[in-house]
Amino acid sequence: MEPGLSNSYNRQAVQIWLFILLILIFFMILIGGLTRLTDSGLSITDWDPLMGAFPPISINDWVHLFNEYQKTSEFILQNNNMTLEEFKYIFWWEWGHRQFGRLIGLVWFLGFIFLNYITSMPRFLVISGLFLGILGLTQAFIGWWMVKSGLDLEEKVLDVASYRLAIHLSLALIIFSITYLLIRINGTWSDQTAPKKNVGRSSVEEILTNLLLGCFFVQAFLGALVSGINAGQSYTDWPLMNGKIVPEDIFYLVPGYINFLENPALVQFNHRVMGYTLFVLGTIIWVTGIRKPNSYPVQKINYHFLFGFLSLQVIIGVLALLNSVPLYLGLAHQLVAILLLLSILNLKFNLYIERNGEVPGK
């Protein structure tokens with residue numbers, strides 16, 4: 001970042017733009033989760049960035065779209081009794097998901113152009129804003145790459161490739177994280193509080209929080225794999241899996257690496273193990289943080305939020321598993337995951353602020 005922010009810089013306008021983007025991305029992730037949970041992702045079989053923004057109007061439009069969907073393996077093998085009215089339900093979920101993506105792209109583009117015109121944005125924000133746009137465009141291409149994997153008639157697949165779904169979700173969470181951190185950076189740094197080069201070594205809590213953040217992204221990737229192959233409906237007992245700590249059929253697929261992506265037993269087992277790892281690590285951070293004698297009161301609240309969301313996520317995850325992942329619990333699991341990510345990012349940033357000699361939340 002430059003040594004300071006220009007006096008002509010309209011911080012509030014940029015903050016509003018970033019906050020709107022954050023809210024839109026938040027809902028986009030939830031809509032994406034609902035699109036997957038309702039098996040709606042393959043209802044639109046082409047990608048038209050321009051004309052695809054217009055919904056079907058006439059009955060002929062609907063019949064054409066339904067006919068295209070009837071050519072997919074998902075319809076042939078799983079939904080061959082589906083009526084046109086039932087097709088409309090899944091179509092609107094996927095169509096809405098794509099329109100929300102277009103809306104985010106439009107808000108980014110118009111905001112970026114307008115803000116660069118009316119205010120003197122610092123170089124780090126210009127570069128960061130462009131990077132967000134590139135990531136958003138990449139996300140759109142990955143979304144279609146994901147959908148195409150479920151339209152391969154030769155493979156006779158019923159869903160999109162789980163690893164592509166996991167990449168799609170992971171990038172969405174990365175974009176969300178960068179946007180949130182930019183909000184914090186833009187709202188905190190100024191001529192007086194610009195980051196210093198030598199601010200001391202990272203604290204134990206900061207190192208552990210960085211590790212927790214890395215584990216969170218691994219767990220989110222594993223969670224998408226679980227969702228992608230409906231592994232959450234395969235072993236619905238807890239804490240055991242089909243009466244065993246380690247299920248017997250975790251390596252029955254050939255070649256062996258496929259088990260990590262497509263074997264419900266191993267995919268769910270890995271998701272459980274990483275969940276336990278996150279909970280233990282988060283508990284250590286919470287206990288260490290609240291017992292630190294020189295910790296600021298607001299920082300202790302951040303530790304409590306982290307542990308609270310982490311505990312809630314574990315409870316919802318277990319309940320979802322025991323009930324074969326009903327729609328409302330699947331959505332709640334994804335919602336709390338985003339809130340947990342926010343609490344980790346918030347604590348991470350505040351720990352840096354603390355190390356930088358500032359009071360978090362001031």
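Is tryptophan 62 buried or exposed, and what is its relative accessible area? Before I answer, a word on the model. This is a predicted model, in which local features need pLDDT of at least 70 and side-chain atom pairs count only at pLDDT 80 or more, while totals for chains, interfaces and linings use all residues. Residues are numbered from 1 along each chain as its sequence is written, and side-chain values use heavy atoms, with hydrogens and water left out.

Tryptophan 62 is buried, at a relative accessible area of 6%. Buried means under 20% relative accessible area, exposed over 50%, and partly exposed in between, with a 1.4 Å probe and protein chains only.

Let me turn to the chain as a whole. Its secondary structure consists of eleven helices and zero strands; helices (H or I, at least four residues) and strands (E, at least two) are DSSP runs, numbered from the N terminus. Of the 362 residues in the chain, 48% are buried. Along the principal axes, the C-alpha atoms fill a box of roughly 65 × 55 × 35 Å.

Now to the aromatic rings. A pair of aromatic rings is described by the distance of the centres and the angle of the planes. Rings of Phe, Tyr and Trp (its six-membered ring) pair if their centres lie within 6.5 Å; planes under 30 degrees apart count as stacked, over 60 as edge-to-face and the rest as tilted. The structure holds 23 such pairs. In one of them, tryptophan 62 and phenylalanine 87 have ring centres 6.4 Å apart and planes at 85°, so the pair is edge-to-face. This pair links distant parts of the chain, with tryptophan 62 in helix H2 (residues 59–69) and phenylalanine 87 in helix H4, 25 residues apart. Phenylalanine 87 is also buried, at 0% relative accessibility.

For a second pair, consider phenylalanine 279 and phenylalanine 307: their ring centres are 5.9 Å apart and their planes lie at 40°, so the pair is tilted. Phenylalanine 279 belongs to helix H9 (residues 264–291) and phenylalanine 307 to helix H10 (residues 297–322), 28 residues apart. Phenylalanine 279 is partly exposed at 30% relative accessibility, whereas phenylalanine 307 is buried at 18%.

Finally, ring pairs also build a cluster, whose members include Trp62, Phe66, Phe87 and Trp95.
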